[in-house]
Amino acid sequence: MSEIIDKILYISGKNPYLCYQCGMCSAVCPMASYMSVLPHEVVRLIQLKDPRVVELDTVWTCVSCMACVDRCPRRVDPGILFEAVRQVVLRKGVDKADYRRLVDLGKAPSMAVVALSRKMTG
Ligand code: SF4
Ligand code: SF4
C-alpha cells in the first residue's frame, strides 16, 4: 500500500474506486490536450496506488476549473483528487510553479494567474 496515495485519499476525501473509466472527465477537461496522461488515466493510476502520480504533468497542468467535478457521474471528482496530489507535493516545500514562465503577467487570463498561485509554496 502506498503511503502517498493514502495521503491523497485522506486530503481529498474522495473515493477513486468508484470510477468506472467512462472518460467523461477527460472529454470535458479544457486542458486535456496539454496533458501527457489524461485525467481518467490518472484516476486509474490512483486506483492502482501508483505513487508516480505525483510526478505527472497532468496535476500541474490542471487549472482547477472543476468541469470534471461537475460532470463525473460517480462523484470521483478528479479535480479534487488532483488538488490533493498537489498538496502532497507542496507540503514538501517543492515549488512547481514560476510566475516568470508567464510571458506577460498583466495580460494572462486571471484564471491562469489564480491557478498558478495555488501551485506555489514560497
Ligand atoms: S468522469 Fe468520473 S467516473 Fe468517469 S472516468 Fe472520470 S473520474 Fe471516472
Ligand atoms: S479541474 Fe483540472 S482536470 Fe478537471 S476539468 Fe478542470 S483542468 Fe481538467
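Here follow questions and answers on a predicted model.

Visitor: What pattern does the protein chain follow along its sequence?
Guide: Start with the counts. The protein chain has 7 helices and 0 strands. Read along the sequence, the pattern is α-α-α-α-α-α-α.

Visitor: What percentage of the residues in the protein chain is buried?
Guide: The chain holds 122 residues. Among contacts with a separation of 6 or more, 65% join residues 24 or more positions apart. The buried share of the chain is 25%.

Visitor: Which element supplies the largest share of the largest nonpolar core?
Guide: This core has 19 residues, and those with the most contacts inside it include Ile8, Val43, Leu81 and Val85. At least two core residues come from each of α1, α3 and α6. The largest share, 4 residues, comes from α6.

Visitor: What length does helix α6 reach from its first C-alpha to its last?
Guide: Helix α6 covers residues 78-90, which is 13 residues. At 1.5 Å a residue, 18 Å is expected. The model comes close to that, with a reach of 18 Å.

Visitor: Which helices do the buried residues of α6 pack against?
Guide: First, the buried residues of α6 themselves. They are Pro78, Gly79, Leu81, Phe82, Glu83, Val85, Arg86 and Val88. Their packing partners are α1, α2, α3, α4 and α5.

Visitor: Leaving aside neighbours within four places in sequence, which residues is Val85 in contact with?
Guide: Val85 is one of the buried residues of α6. It is also among the residues with the most contacts inside the largest nonpolar core. Beyond four places in sequence, Val85 is in contact with Ile8, Val53, Val54 and Val59.

Visitor: Which residue just after α1 takes a positive phi?
Guide: Look just past the end of α1. Phi there is about 70°, and the residue is Gly13.

Visitor: Which elements give two or more residues to the shell around ligand 1?
Guide: Around ligand 1 there are 14 residues, the closest being Cys19, Cys22, Cys25, His40 and Cys72. The shell divides into 10 nonpolar, 3 polar and 1 charged. The elements giving two or more residues are α2 and α3.

Visitor: Which element gives the most to the shell around ligand 2?
Guide: Of the 15 residues around ligand 2, Cys29, Cys62, Cys65, Cys68 and Gly79 come nearest. The shell has 13 nonpolar residues, 2 polar and no charged. With 3 residues, the top contributor is α6.

Visitor: Is Cys29 buried or exposed?
Guide: Cys29 sits in the loop between α2 and α3. Not counting residues up to four places away in sequence, Cys29 touches Pro39, Ala67 and Cys68. The cut-off for burial is 20 or more other C-beta atoms within 10 Å. Cys29 has 24 C-beta neighbours inside 10 Å, so it counts as buried.

Visitor: What distance separates the C-alpha atoms of Met24 and His40?
Guide: Met24 is found in helix α2. It is partly exposed, with 18 other C-beta atoms within 10 Å. Leaving aside neighbours within four places in sequence, Met24 is in contact with Arg71, Cys72 and Pro73. Met24 and His40 are 16 residues apart along the chain, and their C-alpha atoms are separated by 7.9 Å.

Visitor: Where is Met66 found?
Guide: Phi of Met66 is near 70°, positive in a residue other than glycine. Met66 has 15 C-beta neighbours inside 10 Å, so it counts as partly exposed. Its place is the loop between α4 and α5.

Visitor: Is Arg75 buried or exposed?
Guide: Arg75 lies in the loop between α5 and α6. Its phi is near 55°, a positive value in a residue other than glycine. Arg75 has 11 C-beta neighbours inside 10 Å, so it counts as exposed.

Definitions and conventions:
Residues numbered from 1 in each chain as written. Chains lettered and ligands numbered in written order. Predicted model: local features only at pLDDT ≥ 70, side-chain atom pairs only at ≥ 80, totals over all residues. Expected span 1.5 Å × (residues − 1). Buried ≥ 20, exposed ≤ 12 C-beta atoms within 10 Å, placed from the backbone. Contact = placed C-beta atoms within 7 Å. Near = placed C-beta within 6 Å. Nonpolar A, V, L, I, M, F, W, Y, C, P; charged D, E, K, R; others polar. Core = buried A, V, L, I, M, F, W, Y, C linked by C-beta atoms within 7 Å.
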